[in-house]
Amino acid sequence: MIKVRGLTKDYGARRAIHNLSFDAQQGEIVGFLGPNGAGKTTTMRILTGYMPPTDGEVIVAGYDVVEESLEVRKRVGYLPETVPLYTEMAVFDYLKYMGDLRQLPNVEDRVDEVLEMVGLSDRAEGYIANLSKGMRQRVGLAQALLHKPEVLILDEPTIGLDPGQVVEVRNLIREIGKERTVLLSTHLLHEAQNICDRVLIINKGKILAEDTTANLQSRLAGAERVALRIRGEADKDLIKTIQKVKGVEEAEIKGDGLVEFEFAPGKDARPEVAKQVVQAGYDLLEMRPLGMSLEEIFLELTSAEGKKK
Amino acid sequence: MKNIWTIAKREYNNYFNGPLAYIVALVLLFSVGAFFVYLTLESQGRAIYGGPPLEPNFLNVVFVFLMLFLAPAITMRLLSDEARMGTLELLLTAPVRDYELVVGKWLGSLLFVLSLVLFSLIYPIIYNNFVDPHIDYKLLLSSYIAVILIVSALLGLGVGISAMFSNQFAAYFIALGLFFILWFVINFPANFMSSGGELFNYLSVANHFTAINNGSFTLGDIVYFLSLTALGLFVGTTAIEIRRWR
């Protein structure tokens with residue numbers, strides 16, 4: 001588990017992280033979401049014991065990162081943003097070296113195991129220099145998993161992977177997240193939506209929002225919005241038909257047979273709208289919810305932050 | 001302690017992945033070999049007039065003189081390259097103490113040079129078969145102790161300097177400059193001083209090496225080299241700690 005209270009980090013005169021507080025429990029995957037330079041990497045570096053904080057308390061896996069740095073480092077698996085690898089080494093030798101540094105028993109068996117997990121068993125003897133970016137990413141992930149860490153910290157884990165590998169790595173992370181604590185950073189909002197139980201939105205070293213992905217969406221989207229498509233062009237009569245339905249607050253033509261309407265949360269007007277539209281003689285082709293995506297939430301939060309200043 | 005050994009072992013093996021190790025070995029063994037030929041011929045010439053043969057500890061002067069240039073090349077990338085490639089982040093987030101990292105790197109480079117030292121033993125052994133009376137074994141032992149001590153100090157300082165830079169060439173030239181000052185320049189002021197010159201003479205690497213190499217040394221000479229080694233490793237560890245804070 002991770003417990004962060006009042007974390008602050010200054011680089012010289014510049015304050016990179018501003019009084020950050022959050023928790024992550026065992027069996028939870030927490031997403032760290034923010035634009036470049038938001039302080040994600042700095043926070044992760046502090047959590048892994050790479051650099052000390054300027055102020056605040058950070059407890060990882062039950063140990064203080066400043067006072068008991070070595071104990072923390074034993075229990076944390078870390079995949080840095082730019083995957084650091086000794087390119088002149090073979091994959092197996094590299095992982096064995098990292099395992100030896102962690103003084104793992106039966107290192108070689110464990111290396112075989114993690115190579116299997118990340119799907120690189122057939123490249124074990126190959127030199128890292130000859131691997132593609134996606135494969136290197138997976139070697140880095142294997143390194144982070146070697147010692148079965150209680151806490152896994154992944155800085156942009158799926159960057160540079162092809163779509164197939166992205167799915168594999170996400171499944172792997174989900175699997176690991178069932179028993180351990182995973183903190184991952186990403187600037188891909190759908191990724192956070194996809195694998196994280198909870199999301200922390202961070203910008204300029206401050207947390208803007210913290211909630212489950214589902215809650216974040218409903219919290220920010222005041223009403224539920226639905227898109228409806230009919231065959232042919234939508235006309236004003238259609239809008240009137242929809243607006244007559246109880247609960248519908250707003251309806252507008254978006255062109256090309258597309259209409260969007262909103263209804264108050266909790267008063268699902270969709271079945272009635274569908275019935276009325278069909279009765280009025282329109283061919284209903286499609287009706288889908290337009291939940292506010294994390295993209296929109298994110299833009300809203302970060303721009304609101306900008307406006308305050 | 002185990003971590004020091006793990007790191008040293010990797011560094012040692014790593015030398016043979018690139019051309020540097022072979023170039024260094026070639027330059028050292030070839031140059032010492034050339035002086036070996038000279039030494040043999042000179043002793044032969046002396047034998048004609050019934051003179052005693054030269055002692056082979058002279059070969060180690062050649063070895064050490066070359067190490068002034070080669071030691072910075074051996075140590076330059078040890079920590080600077082880790083910083084440049086980002087692998088330092090990996091090591092500093094692994095359960096490895098900062099000093100274990102620095103000492104491990106130093107030990108790896110020392111083991112590499114010691115293998116070359118071991119190789120160079122071949123010359124005095126062959127030489128011993130040519131000369132009568134045989135060479136002075138005690139003097140030879142003392143000479144090799146001198147080599148090991150000075151190499152340990154040079155590599156220690158080199159590792160310390162490597163930790164301060166992210167550019168290996170910067171590390172090379174700073175270390176080279178330092179070694180030249182320590183060998184040639186530092187005792188210079190003593191020549192112009194009526195008193196107090198002992199300090200500058202004491203700081204000279206060359207004086208201590210020559211003393212041990214010639215078999216007439218004090219505990220102070222040994223302490224000098226061990227202190228230099230410790231200083232280098234301390235500077236290296238501090239440099240790594242400073243990197244964390246930046």
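A residue is called buried here if 20 or more other C-beta atoms lie within 10 Å of its own, exposed if 12 or fewer do, and partly exposed in between, with the C-beta atoms placed from the backbone. By that criterion, 39% of the 309 residues of chain A count as buried. The model is a predicted one, in which local features need pLDDT of at least 70 and side-chain atom pairs count only at pLDDT 80 or more, whereas totals for chains, interfaces and linings use all residues. Residues are numbered from 1 along each chain as its sequence is written, while chains are lettered from A and ligands numbered from 1 in the order in which they are written.

Chain A has 11 helices and 14 strands, where helices (H or I, at least four residues) and strands (E, at least two) are DSSP runs numbered from the N terminus. Its C-alpha trace spans about 75 × 45 × 30 Å along the principal axes. Two residues are in contact if their C-beta atoms, placed from the backbone, lie within 7 Å; among the contacts in chain A between residues at least 6 apart in sequence, 67% join residues at least 24 apart.

One place to begin is strand β1 of chain A (residues 2–11), which pairs with β4 (residues 55–60) in the antiparallel sense over 5 bridges, two strands being paired if DSSP finds at least two bridges between them. Within this pairing, A:Ile2 has A:Val60 of β4(A) as its bridge partner. A:Val60 is also the bridge partner of A:Tyr63 in β5(A), and β4(A) and β5(A) (residues 63–64) run antiparallel, joined by 2 bridges. The hairpin that they form has 2 residues between the strands, and A:Ala61 takes a positive phi near 55° there.

An α-helix has 3.6 residues a turn, so residues three or four places apart point the same way.

An open sheet of 4 strands in chain A has the order β12-β13-β11-β14, with antiparallel pairing. Its edge strands are β12 (248–255) and β14 (284–289), each of which pairs on one side only, and the twist averages 20° from one strand to the next. Inside the sheet, β11 (residues 224–230) and β13 (residues 258–263) of chain A pair over 6 bridges, with A:Arg225 standing opposite A:Glu262 in β13(A). Helix α9 of chain A (residues 236–244) packs on the sheet, touching β11, β12 and β13, and its direction makes about 160° with that of β12(A); such angles run from 0 to 180 degrees between N-to-C directions, with axes fitted as lines to C-alpha atoms, for helices over the stretch in contact. Helix α10 of chain A (residues 270–279) lies across β11, β12 and β14, at about 165° to β14(A).
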